[in-house]
Amino acid sequence: MLSTVSPMTVTRSSLEEMLETIKRRDEQPKDIVPALPVRPISKARLPSARRSLPVDFKIGDSATPTATLVTPKYLITTLKEKEGKKRDRHLNKENNDLGFQCDGDFGSNKITKVKVFPLHESPPCATNEESWQNDYSDLYATHSTSPSVTDESTSGGNVNCVLNKEFQVWCQLSNGQWKSGKIESASIEDSLVMLSDGSVVTVPRGNILPANPDYLEGNDDLIRLSFLNEPSVLHNLQTRYYDDQIYTKAGRILVAINPFNDVHFHENEFRTRKKLMYPLVHAIAESTFNEMMRGEENQSIILSGQSGAGKTKTASIVIEYLASLGGHNDMQHKLLQANLILEAFGNAKTFMNHNSSRFGKLIEIHFNSTGEICGAQIETLLLEKSRVAHLSKGERSYHIFYQLCSGAPSHLKEKFNLKSSREFDYLKQSGCLTIDAVDDAQKFHTLVEALDVVQISREDQENAFAMLSAILWLGNISFQIIDSENHVEVIADEAVASASKLLGCDVHDLMLLLSTHHIQAGNNSVTQKLSSEQAIGMRNTLAKSIYASLFDWLLERINMSLKIDQQKAWRSISIVDIYGFESFQRNSFEQFCINYANERLQQYFKRHIFKLEQEEYNREGIDWTRVDFNDNQECLNLFEQKPYGLLLLLDEESKSVHATDLTLVNKLKHHLSSNPCFKGEKDGFFSVLHYAGEVSFSTTQIYMRLELWCRLF
Ligand SMILES: Nc1ncnc2c1ncn2[C@@H]1O[C@H](COP(=O)(O)OP(=O)(O)OP(=O)(O)O)[C@@H](O)[C@H]1O
């Protein structure tokens, strides 16, 4: 089963597949880059100004503010608030209606970007700046010009502000917290600020940022804020969040905060009044749909952001809403059920998220010319196979394993020798078998119904469950050392007997496969005994491969069921939901790939939000002020550059028989040290400075993964 694939085919194909898929979409010729949105034709109608302080800003200066232009494209940003957080603060309703004229809906663009961020558990104005920047780095990367009174590079000198006594400010205290207050008096170095609790503090000038006037508090569009510095943006989002307003616009961007519970979306009101300008995810979906129908162009909605921030949930809302717009037909029902099946097989409880998607997906929904859904295709990326065999403390494997163990009918349990999840080593290793308020048995029944809907026969379902059971039994297979060189053989027990029976192979063949290694040298074939570590690696790789193949098979069956009716198919809306940026204490090849994919997506977003927009203004001769943004090209070069990018160097090293984790790190240091996004600071570790923060990788972990691939495939 394993021997037919060469090591490099496996290594290269997973990397290259990801590269290809993302690149294909990003590197289209200019003339087929999705159309830019309809834009204002004169400066007077451009979105309201983003203001920063001037280089020569002095407290007490008096001058008229001028505007800095920002024209981001569509984006939904979702932030994560601590679960169950008490909402103890409400906006003054008078402030809630700011009476702004809406200058358009979300839907005049081919690309809609859905961006998702976790919200730090402390209120934004009470966290230190570094932690904000880690948690909101996506947002900051988007709004790259967060102004600071001392930051000359970003202030640009295009706004003149008057800061005098009574001026509302945000000040960062010595403990790193940001507090709002009013300036009492100021000198060149520092200012006396009266905080909202009545205390007076002395704050260095560099730690002060202007705050927005009260009447702008809770504004539903961030670009209407006078000041778009970090505390102001986060405070505005928080104010709205406390009032159950989880969505906020930022021009054509929609920010969505993860509420961790059901929030009333005023959907009926939205539907009846058709307020497409509402900061609401439904408005994004409807506008995208309308634009497809009106503009006769395919559309895309992209979600990105950190793990647990709400991307998948937001995608589900979009899919459900699109499905409802596309008419209640059989296909719509199948599409929703397909989502549910992929969740059971591709989601797991992680440290960050109880229902984390461990794969990326692209769902392409096809509509006929009257707007009815007439099929869909789903592509998946980067399923986290390692989760099948290795779990961190407190995390779970894929939901389906627990659902099967607790929900399978007794005849299946008997047939597959299925036991409780606590009997299986792969599941019990993390010490976490259940999720609060989740009934795995009930979920199993819902899953079977969904499998029925997508027309996977009961027989095929049983075969799939048999493979899952085989994986669980494989995990229980153990080895005993048989000689002084640490070679092992499989212990002939219930585990190997059950696994071989479920896999439909001879038990001795399986035992041999797991404890020996065949090397082909010319015409001769040599059989080597494996060490304990190698045998466990072999067993785990077999389990992971079976799971990955099962996942692919399932996807194929789902896609068959959602088959597009080519006679009727007219236009499509694609939804991209990859799993979020990750940074743990120990990061391995999975994080390497996930974060690279997120980095790519970030560039795609910036290209559409800033680069193309600004190019368009230039072409149209609009008088505007250039917005500088942090380009992440350096980081992408670090991964992709030829011949010495991270991907190629890893690839090359994995082919070398003399390579070790140390030769790998030395090679990386030698070739990549000149890239500002690379740090090879310690032996065995290197760091990548991503747009969303620095991630430290263990070369031992990365090397071990590559080596295993080479040895076992
Ligand atoms: N709009 C929402 N309304 C209610 N609950 C939500 C919403 N968005 C997210 N949640 C909750 O937060 C959890 C995490 O959200 P979700 O799984 O969508 O995050 P994610 O960004 O896709 O994470 P990952 O990258 O790990 O898959 C969900 O299981 C759900 O409980």
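Analyst: In this predicted model, helices are DSSP runs of H or I with at least four residues, and they are numbered from the N terminus.

User: Between which two helices is the loop that holds Ala 437, and is Ala 437 buried or exposed?

Analyst: Most residues other than glycine have a negative phi. Ala 437, however, has a positive phi of about 65° although it is not a glycine. A residue counts as exposed if 12 or fewer other C-beta atoms lie within 10 Å of its own, and Ala 437 has 6 such neighbours. The loop that holds Ala 437 lies between helix 13 and helix 14 (440–453), and Ala 437 is therefore classed as exposed.

User: Which form does the peptide bond from Lys 642 to Pro 643 take?

Analyst: Most peptide bonds are trans. Pro 643 belongs to the loop between helix 20 (633–640) and helix 21 (646–655). With omega near 5°, the bond that joins Lys 642 to Pro 643 is cis.

User: Which helix gives the most to the shell around the ligand?

Analyst: There are 23 residues around the ligand, and Ser 307, Gly 310, Thr 312, Lys 313 and Ser 356 come nearest. The elements that contribute two or more residues to this shell are helix 9 (311–325) and strand 12 (356–357). With 3 residues, the one that gives the most is helix 9.

User: How are helix 8 and helix 9 oriented to each other?

Analyst: Two packed helices are described by the angle and the distance between their axes. The axes of helix 8 (residues 281–295) and helix 9 come within 9 Å and cross at roughly 45°, and this crossing is right-handed. The two helices, helix 8 and helix 9, are therefore oblique.

User: How many of the 17 residues of helix 10 are buried?

Analyst: Helix 10 (residues 330–346) reaches 24 Å from its first C-alpha to its last, close to the 24 Å expected at 1.5 Å a residue. Its buried residues include Met 331, Leu 335, Ile 341 and Phe 345. Helix 10 is largely enclosed by the rest of the structure, because the number of its 17 residues that are buried is 12.

Methods: Residues numbered from 1 in each chain as written. Predicted model: local features only at pLDDT ≥ 70, side-chain atom pairs only at ≥ 80, totals over all residues. Near = placed C-beta within 6 Å. Expected span 1.5 Å × (residues − 1). Buried ≥ 20, exposed ≤ 12 C-beta atoms within 10 Å, placed from the backbone. Axes fitted to C-alpha atoms, helices over the stretch in contact; angles between N-to-C directions. Parallel < 35°, antiparallel > 145°, perpendicular 65-115°, else oblique. Left-handed = near helix turned anticlockwise from the far one by under 90°.
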